[in-house]
Amino acid sequence: MATSLSSRLRAELAGLRDQGLSIHPRVLDAANRARTRVDGRDVVNLASNNYLGFADHPEIKARAEQYLREWGAGAGAVRTIAGTLRIHEDFEEQLAAFKHTGSALVLGSGFTTNQGVLGTLLQPGDLVVSDELNHASIIDGLRLTKATKKIYKHADPEDLDRVLAENDADGLKLVVTDGVFSMDGDIAPLGRLIEVARKYGAVTYVDDAHGSGVLGADGRGTVHHFGFETAEDVIQVGTLSKAWGVVGGYAAGHPDLRELLINRARPYLFSTAHPPAVVGALSAALDLVQREPEFMARLWENTRYFKAELARLGFDTLGSQTPITPVLFGEAEAAFEASRRLFAEGVFAVGLGFPTVPRGQARIRNIVTAEHTRDDLDFALAAYARVGRALSVAQG
Ligand code: PMP
């Protein structure tokens, strides 16, 4: 007899609960800001990806409202049928000019961008070599392709060299890396990775979800940070949901890449275009970051301060180089207990354990934003000091 739906659901959920992997997201009762309300408690928020504080910025919301009024609540169709509004095209030109690339194409999300671009670009006979810590959306994007897939050691150009030396291909060769890694906050050694890729005639593909709005002049991203933004053998993809505070994904590069994606990328061809309010908010976000360098300056000032104070308290931040600031607790239960205690003290920061991060490296991931005040950070640091002492984690 076939499995019933209820027995399938019960068995799956029981398995998750038994392994301690069951997820119960906390609920925000107010906008996602540096101070917000979560499950009825006022907290300092160290859990969001809202790097520049744009998610609830008045100027960004005003442009969203304007586009909503002028262009409607929804785009009405997929882009290739009747859903491409003038504002979609204008925003892509604005984004390409910002990125210093010949073109840009916006897709529904960062996740679907990886699926669309990798799924379109890679064919049988191609070789793709991917960093072992790349994001789940890259892994899923690669699953859609019939290219030969190989993994290189995290952020290790020498291991990339070894893999490329051992595996040849007649087709396209693609090296895939995150620009900034979401769990450790380290920056990919892009200059050296591109150098190795070029030695073997490979193209480099950078997912800059956590580098956009954070690295490079005016937040142009990791590729810009390393000076490769005009290179024709580098493809940039990323998300519009983190520093830009809204939602969406993009691919930026040669206009031929854009044209091929318009013709072939399934998340583009078969999913409705973004609502006008999203496009308005995004265009305002790009204007704002270029007009007011204070956002990035504050983001980095806060990042440096928070990391230095955590180190002074004796915490291990795992060598993070960006606003993503992990604090190591070791065993998963210790990280989850620390997260619960911090929450009780009014600090919202999420604990992460295996399989999201390696065993024995459970951590709390903090994300500093431009919106945090010195008071917010000091409040969080005082809570960390107490929780670290109570759990015997920090030596300070
Ligand atoms: N790539 C990376 C490296 C990410 O961290 C994320 C966000 N979790 C994504 C892609 C997906 O982006 P989005 O949330 O816009 O789908």
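The crossing of α4 and α12 is left-handed, and this pair makes a handy way into the structure, which is a predicted model. Helix α4 covers residues 86-99 and helix α12 covers residues 276-291. Their axes come within 10 Å and cross at roughly 25°. Since angles under 35 degrees count as roughly parallel, that makes α4 roughly parallel to α12. On the α4 side, the residues in the contact are I87, H88, F91, Q94, L95 and F98. They meet P276, V279, L282, S283 and L286 of α12. Sorted by class, the contact of α4 with α12 has eight nonpolar residues and three polar ones, with no charged residues at all.

H100 sits in the loop between α4 and β3, the strand of residues 103-107. Most residues other than glycine have a negative phi. H100 isn't a glycine, yet its phi is positive, at about 65°.

Now for the chain as a whole. Along the principal axes, the C-alpha trace spans about 60 × 55 × 55 Å.

Back to helix pairs. Two packed helices are described by the angle between their axes and the distance between the axes. Take helix α7 (residues 157-166) and helix α8 (residues 190-199): here the axes come within 9 Å and cross at roughly 15°. These two helices are therefore roughly parallel to each other, and the crossing of α7 and α8 is right-handed. From α7, the contact draws on P157, L160, D161 and L164, while α8 brings R192, L193 and V196. By class, that gives five nonpolar and two charged residues in the contact of α7 with α8, and no polar ones.

Another pair is made up of helix α13 (residues 294-312) and helix α15 (residues 374-390), which pack at an angle of about 20° with their axes 11 Å apart. It follows that α13 and α15 are roughly parallel to each other too, with the cut-off at 35 degrees. Their crossing is right-handed. What does each helix put into the contact? N302, Y305, F306, E309 and L310 come from α13, and L377, L381 and Y384 come from α15. Split by class, the contact of α13 with α15 has six nonpolar residues, one polar and one charged.

Most peptide bonds are trans. The bond joining F354 and P355, though, is cis, with an omega of about 10°.

How many residues surround the ligand, and which are the closest? The count is 13, and the closest are S109, G110, H135, A209 and T239. By class, the shell around the ligand is made of nine polar, two nonpolar and two charged residues. For the α4 and α12 contact, by comparison, the tally was eight nonpolar, three polar and no charged residues.

Technical notes: Residues numbered from 1 in each chain as written. Predicted model: local features only at pLDDT ≥ 70, side-chain atom pairs only at ≥ 80, totals over all residues. Axes fitted to C-alpha atoms, helices over the stretch in contact; angles between N-to-C directions. Helix = DSSP H or I, 4+ residues; strand = E, 2+ residues; numbered from the N terminus. Parallel < 35°, antiparallel > 145°, perpendicular 65-115°, else oblique. Left-handed = near helix turned anticlockwise from the far one by under 90°. Contact = placed C-beta atoms within 7 Å. Nonpolar A, V, L, I, M, F, W, Y, C, P; charged D, E, K, R; others polar. Near = placed C-beta within 6 Å.
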